[in-house]
Amino acid sequence: MTVAHPHLLGLSRAALSDLIRLWGFKPVHAQRVWRHVHAHGRDDVDRITGLPGGLIDRLRAGTALAWLPVVRETVSSDGFTRKFLLGLDDGRQVETVLMRYAGRVTACVSTQAGCAMGCVFCATGQMGFERHLTTAEIVAQVLHVARAAHSAPRTPHSALRNVVLMGMGEPLHNYDATIAAAQILCDTAGLALSPSRLTLSTVGVIPGIIRLADERQPLSLAVSLHGATQETRAAIVPVARTWPLGDLMDACRYYCDRMDRHIFYEWTLIDGTNDCAEDAHALGALLRTQRAHVNLIPLNPTAGYDGTPTHIKAARAFQAILAEYGLPSTVRQRRGIDIAAGCGQLAADR
Ligand code: SF4
C-alpha cells in the first residue's frame, strides 16, 4: 500500500466522486469504481470493468488500491477462528481475526500498530505504541475478512455481518481515521454494513466518547471497564488515572442520553483480581441506573502477564449477582485461544 497517492480504500464516496469529476469523467464512472472496489472487493484497477480507458490510466497513475499482504494465516484447532498477520507499507504488521459463529461471521479489526494504553493483561499494550493505521488500512482489513469468509467452505450464513474494532489499538486514540473507515464500511453502495453491527471498543477515552455522542455516530459502543472502583480499575487500566472512573461514568451517561441507546461494558475476569462477589456487587451498583449490557470475558493468557482466568463456575456466580441488580450480562464464548487470537492476545511480534 503506497502513501504517495490517495488510496482508493481511504476515500469516501463523495471524495472519490470529486476526484473523478476533477479528472473530467462522469459521476456514473465514480459510482462504478466505488461499487467495484467496495461491493465487489476488486483489489486491482485493471479488474474494474466498464470504465473509459483514460480513467483507468488516471486511476493507475494517480491512486493506490493494493490490499494488505498476508504475512501469515493461522487457523484455530476447531476451525472457527482464522487470524491474519497483515503487512503494512512501512514494514510494520497488524493482526486481524475472522470469527465464525452459528449464522454469522465477525471481523475483529485493528486501528493501530501497537497501543499506548498499556492495559496490563493485553499483549498489544505490552508491545507499546507504534503508529496509527490509516483509513485505508482499516478498511482493507475488513475487506480481507469479507473475502476470506466467502473463500472458506460455504455455509448458508458465511457472509460478514459484524465488525468489532477491538483488535490492536485504541480506536478513539485514532478517531478520525477510525470513523472515516466506519462510514466507508457502512456506505449502502459499498459493503453496506449496518452501523449497529459495527462496534467500537474503547478503554475509556472520555473526549472520544463525548465526540461520538456530539457527532451522533451511529455505531455501537463498548467500554472496557475491568474494575468498578477507581483503585481496582487503575491497577488494570493505567489510563484510568487520566480519565477517572467517575468522569467516565458521566461521559457514558451523556452518551446514552444523547444517543438514546445502551453501552456494552467489557469485563475481563481475572482470578483473585476482579472476580469476587464484592467486585460483582460494586459493578452492579455502578451500572444499575444505566442502559448497559455487561460482557464477561475470562482472561486470555499472554506472555507478559501472570494472571489466570476466572473459572466458568465463578463467572456464572458473578453473572448471577449482576442479575440481582437487573443488569443483563453474557459470559463470552472464548474463541481462538490456541492461536492467540482472543481478546487481549493480539500482537504482531510473534
Ligand atoms: S486492551 Fe485495547 S486499549 Fe488496552 S492495551 Fe490492549 S489494545 Fe490497547
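Colleague: How many helices and strands does the secondary structure of the protein come to?
Modeller: The model is predicted. Buried residues make up 47% of the 350 residues in the protein. Its secondary structure comes to 11 helices and 12 strands.

Colleague: What is the radius of gyration of the protein, and why does it count as compact?
Modeller: The C-alpha trace spans about 70 × 45 × 40 Å along its principal axes. For 350 residues the globule rule gives 20 Å, and the protein comes close to that, so it is as compact as a globular protein of that length. The radius of gyration is 21 Å.

Colleague: Which are the edge strands of the open sheet?
Modeller: The open sheet has 10 strands with mixed pairing, in the order 1-2-3-4-7-8-9-10-11-12. An edge strand pairs on one side only, and this holds for strand 1 (70–75) and strand 12 (329–331). From one strand to the next the twist averages 20°. The edge strands are therefore strand 1 and strand 12.

Colleague: Do strand 3 and strand 4 pair in the parallel or the antiparallel sense?
Modeller: Strands of a sheet pair through backbone hydrogen bonds, in one of two senses. Strand 3 (residues 93–101) is joined to strand 4 (residues 104–108) over five bridges, and arginine 100 has valine 105 in strand 4 as its bridge partner. The sense of this pairing is antiparallel.

Colleague: Is strand 8 mostly covered or mostly uncovered?
Modeller: Strand 8 covers residues 198–202. A residue is buried if 20 or more other C-beta atoms lie within 10 Å of its own. Four of the five residues in strand 8 are buried, and the strand is mostly covered.

Colleague: Which residue in strand 8 is the bridge partner of valine 164?
Modeller: Strand 7 (residues 160–165) runs parallel to strand 8, and three bridges join them. The partner of valine 164 is threonine 199.

Colleague: Which residue in strand 9 stands opposite threonine 199?
Modeller: Strand 9 (residues 220–224) pairs with strand 8 in the parallel sense over four bridges. With helix 7 (residues 206–214), strand 8 and strand 9 make a right-handed β-α-β unit. Opposite threonine 199 stands serine 220.

Colleague: How many charged residues does the shell around the ligand have?
Modeller: The residues around the ligand include Cys115, Met117, Gly118, Thr124, Met168, Glu170 and Val203. By class, six residues of the shell are nonpolar and five are polar. The number of charged residues is one.

Note on methods
Residues numbered from 1 in each chain as written. Predicted model: local features only at pLDDT ≥ 70, side-chain atom pairs only at ≥ 80, totals over all residues. Near = placed C-beta within 6 Å. Nonpolar A, V, L, I, M, F, W, Y, C, P; charged D, E, K, R; others polar. Buried ≥ 20, exposed ≤ 12 C-beta atoms within 10 Å, placed from the backbone. Helix = DSSP H or I, 4+ residues; strand = E, 2+ residues; numbered from the N terminus. Pairing = 2+ DSSP bridges. Right-handed = clockwise from strand over helix to strand, strands pointing away. Axes fitted to C-alpha atoms, helices over the stretch in contact; angles between N-to-C directions. Rg over C-alpha atoms; globule rule 2.2 N^0.38 Å.
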